[in-house]
Amino acid sequence: MPNWTKQQEQAIRARNHTILVSAAAGSGKTAVLVERIVSLVREGASMNRMLIVTFTKAAAAEMRQRLAKRISREAISRDPAMVKALDELETTQISTIHAFCQRVIRSHFEQVGVDPLVRVCDEQQQKLLFEAAFTTAMDELLDERTDENFLLLADAWKQDKLLSLTAQLYDFLMALPKPFAWLDEHVDQLSQPLMQQPWVETLENAAKLQVGAMDDALIAIRSLFDMPNAVMDRMEALNADAQLVSALQGLEGEALRTAVANFSLPRLSPKRGLSAEEKEWGKRFSDGRTAIKKRAERANELLNPDFTQLEREIPAIQAQLRGLAALVKRTHQHFREEKNLRNCMDFGDMEQYTLDILEQPEVRAQMQGEFDHIFVDECQDVSQVQDAILQAIHGEQNCLFMVGDVKQSIYRFRKADPTLFLGRMQTFSEDEGARERKIVLQQNFRSSFPVLDATNRVFRQTMRPAVTELTYAPEDELICGLGAREDDPPVMVHLLRGPDIRDALEGSASEAAGHEEVLQTEARVVARRIKELLGTTMPDGKTISYRDMVILLAQTTNLAQTVVDALTEEGIPTFYDGAESYFNLPEIMDMKALLSLIDNAQQDFPLLTVLKMVPFSLTDEELAQIRLMQTGQNVPFYQAFAKACGGEDEFAQKCRKISEKLETWRFQAEVMRLSDFIWHLMTDSGYYAAVGALPKGEVRQGNLRMLYERAQGFEAEGGVTLAAFITRMDEQERGGDSISAKMLTENEDLVRVMTMHKSKGLEFPVVFLMNMERRLLWTQTSELMLHPKLGVAMPYINRKLNICRRTLMQEAFEEQRRLDELAERARLLYVAMTRAKLHLELVATVTDLERTKWDLDLPPSDSRVREAGSMITWVMQAISTDAHTKSTNYPQASTPWDCRDWDELPQKTVDKVGETEADASKVLSLLQTAPPEGVFPEKTVQTDILPLKTSVSALVKKQANALPLSDVEEDAETKHAVDANGTPLLLSELPRRPAFMEEKRMTAAERGTLTHRAMSLMPLDALRVADDIPTVIREALEAMQKRGLFTEEELHIISVGAISGYFTSEIGRRMLQSGNVRREWAFNLRLTGQQALLLQGVIDCAFEENGAWVLVDYKTDRVDDEQTLVNRYAEQLAWYARALTEITGKPVKERYLYALRVGKAIAVPEIDAK
């Protein structure tokens, strides 16, 4: 028997009416849950009268398996209760909440008017049905013209935007009990007096955070007096400022409003006779006081806005919200009708139908009577409607046992509501006899003492109720159940120096482009540590292998593959469970081609694919032999194949056998059930067995089984024919279906790369957290803002006055969204850190500016946590408050940390020595050996003769590299192309596979060309009058995409942040003020000399200012050193300036390179073009 802790024993033995177990990471909650069930069975409880709800299907299967194993051990002794429990286990209700809902609906289908065999529709079908329902609802409401609020809404918004808003609102509502009552209540709430609105409290709390941050600013100013050049006379002014700031602390309501409205710092009297060093100190002192003033101004904006304007705006917003409510209700009605016609429902329907059924008193009483014990695992991740279902079946005569950890609630984006758990933790009692009892499990039996100590130190500071929703109280701290060991490794923090790209590039694809180089460098650090740890001994005597290590990222999209590639180059086997399109998987493409050919024999591409597949496996030479049977420009290959079957030789007999086999399958497809035929086809052809013998064969076979399951699902929807199934696959492929069977067996020795979310519930001896510098918060892009407690908000729109503006109400919602997201990110970091059993290593690339924030000797505070910006800053804030931990490379017994500052980064491994040296020697010998005589005809190449036409880029390259001039014209694309004659490639940079096998990825030059093209098309008139430049840019890009100027993929790659950074910079504002702006200005300049030459080029931007030109050239290069960039392009700008002057007759007064990556205009000195 295990040695249960006191708290675990309480959770097992407690028999209260309602029990909430707060089980910290690694505290053995599943083992406790299993043991509690076994103890209840000993007392006579029946497994058939238990309901066990888990978060996932996998968790349900694991729970059933663990119960079977545990009860089987007990049943060996022939205990009748255990034997009976083992028999009942097969039918015990252990399932997800949705599986439970399905059972309720099928038992009471008549209550909600659905078919008892109703099925779950897939996401693609759900999307299509919703759009059809929305269109019907729009048409009806527009035709009726009786709802004035809806007509106002329809006039204010485009239909595609209305579809987006309706879908967003509908998705949000379906996670709530009584969704439309909630909507009506919160829309009506807007009629109440302004100070009674729930979001006003959010503004007041935000203002309090600003006031609290003023204290931090004071501490930072006080630290200035420790400097050698401090002007001590200013101490009196600081003390006076401190008294004024202190007077604000602790104020509430009207008192706080009045105080911040009247707050001001006195002017400083000038100081004369100061040295240069003292003047510099004085500037820093003044800057600190300015920061305090700005905090006070922001607090005043939040607490004392223009209430009169807001009171005028709210009725108009309320009218549009009522119109949106009418639209979403009508859409819901038609959406339900569309799904009922097709005998399907979605997960939202399941939950709402179930709650509707349970609201019937007799049904609810019946369901409550079915269960003596209800268990809910991971209860911190339930939504409001799911919680309402569980509470409905919890009656007076049964026990509800909930177990979870709110510190690991990381699914708010899936509508999980952690406040439900928090509320119960505050109201439940620890008393043994309490009706509603809470029990806390603190001891962690997974991780080493340094991992837990580091986790506690971080979250004592980071989890703060005013900012991250939680309190990290003493009862929340992790206690090491394994005990401290002398040889336990410290938690390592690897800090790399690098550029701050978080704000320079906005949007997932653009940010990924900016992060790629940083990630590659971080991966080299991780690779070194992997090699150092590989083969070392763990406390249990086992040695660390690749499978014991995991790399966790907050987000893997557009990032994980970079890490995988970098580690693979270092010779480290790596696996990433990415979201590759299911229909682009090789085995699925092959099977789809075979099915298509069986459905229609007259298709060339499927035929070629099938002939190369198992079981036929024709060679390229045999395919060529078929093609030669009947040639001609318009002769299809299938005709040539038919002719090949008509011969008498051995090859013709082989072709006939293939044709006969295809005909057999074609007949079977007509007479067999579709799913049975597909499975027969995969096995009869031998293809299923063949892919199983390939690398990752289990995964490939899993994908084929999924195709069979999809066919079964298609049949359940009423599908019959192979042709219709192929059409369905085409629709799913266009919809971007990425669900595939990715799995790893325990025998595959690979380093895993996964998201922090996906790591929940897992544990690894070695955990690397990479990309820790990633920003915590992201910009909200939707105009509709929703919150379960605050309600719903939209911008103020007045079509008559052509006004659309953000309101204070939206600011309150945005502030709450930021806090909710910060709380989610803090919990995500907690999950990631607690996955480690032995080694925990954090890796981040940070700027010198970011590091200065860590050096401030500031106490923990709400404002520091709120404004941290990244997970690594949260960690370093905790480290900086530990005694004697401000230097680097300081493994110390008093702390769990070992911080390493990588000033000199590990160099990239060139290649595997054996293969590379051999290949390199072959290449060098070929290059150094003269070709046999007569192989190449002699030809004299004269490199100093200029072509009649050349480009600026080619001319500059010739001067830089002594290369022959090219006569390729310069345009927006070739101008920014990568220089093929630039930095030589390392052997390790050669592609691992031929070009035709490489996955197509957009190069940096292609991304740069897209950004340049977008900048040349920006509407300057709109930008000149815009209050919100990023919004104008986004709208302009969307309009360009609709006109076909950019694809959707290209649109995601274009950096909105970089473009808006330019137009809001000084040089960008000067350009907008100019009345003569030329962009992407192509020119031809005739040069005279020894030979006439036509010079051609494209100027990115030139604008006229006071009768002279200002020349700007955009660059997407990485900027390590500005002077290097200037030296690289000064000659190019000299030619552009000469062309401008000679063509227009006006001088060029200034020349700039605008570096898009860092958002900076770099002045280029004037030189003459030569």
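I began with arginine 529, which counts as buried at 9% relative accessibility. My cut-offs: buried is under 20% relative accessible area, exposed is over 50%, and partly exposed lies in between, with a 1.4 Å probe and protein chains only. The model is predicted, so I note the limits: local features need pLDDT of at least 70, side-chain atom pairs count only at pLDDT 80 or more, and totals for chains, interfaces and linings use all residues. Residues are numbered from 1 along each chain as its sequence is written, and side-chain values use heavy atoms, with hydrogens and water left out.

**Entry 1: the partner of arginine 529**

I looked up its salt bridge. The side chain of arginine 529 meets that of glutamate 841, at 2.6 Å from N to O. Arginine 529 sits in helix H22 (residues 508-533) and glutamate 841 in strand S20 (residues 836-846), so the pair ties together parts 312 residues apart in sequence. Glutamate 841 is buried, with a relative accessible area of 1%. I take a salt bridge as a side-chain nitrogen of Lys or Arg within 4 Å of a carboxyl oxygen of Asp or Glu. Helices (H or I, at least four residues) and strands (E, at least two) are DSSP runs, numbered from the N terminus.

**Entry 2: arginine 728 and aspartate 122**

I checked another salt bridge, between arginine 728 and aspartate 122, at 3.7 Å from N to O. Arginine 728 is in helix H32 (residues 722-734), while aspartate 122 is in the loop between strand S4 (119-120) and helix H7 (123-144), so this pair ties together parts 606 residues apart in sequence. Arginine 728 is buried at 17% relative accessible area. Aspartate 122 is partly exposed at 23%.

I then went to lysine 29. Its salt bridge with aspartate 377 has the closest N and O atoms 2.9 Å apart. Lysine 29 is in helix H2 (residues 29-42) and aspartate 377 in strand S6; they are 348 residues apart, and the pair links distant parts of the chain. Both lysine 29 and aspartate 377 are buried. I searched the whole structure and found 70 salt bridges.

**Entry 3: phenylalanine 371**

Next I looked at the loop between helix H17 (361-370) and strand S6 (373-377), where phenylalanine 371 lies. Phenylalanine 371 is buried, at 3% relative accessibility. Which residues does phenylalanine 371 contact, leaving aside its neighbours within four places in sequence? I listed Arg49, Met50, Leu51, Gln93, Phe100 and Asn398. Contact means heavy atoms within 4.5 Å. I also took the C-alpha separation from phenylalanine 371 to glutamine 397, 26 residues apart along the chain: 8.8 Å.

**Entry 4: a negative patch**

On the surface I found a patch of negative charge with Glu430, Asp431, Glu432 and Glu475. Glutamate 430 is in the loop between helix H19 (419-427) and strand S8 (436-441). Glutamate 430 is exposed, at 53% relative accessible area. Patch residues have over 30% relative accessible area and no salt bridge, with like charges joined within 9 Å and nonpolar side chains (Val, Leu, Ile, Met, Phe, Trp, Tyr) within 5 Å.

**Entry 5: the whole chain**

The protein chain has 46 helices and 27 strands. Of its 1170 residues, 51% count as buried. Among contacts between residues at least 6 apart in sequence, 75% join residues at least 24 apart.

Terms used:
Accessible areas come from the Shrake-Rupley method with a 1.4 Å probe; for residues, only the protein chains shown count as cover. Lys and Arg count as positive and Asp and Glu as negative; His and the chain ends are not counted. The place of a charge is taken as NZ of Lys, CZ of Arg, CG of Asp or CD of Glu.
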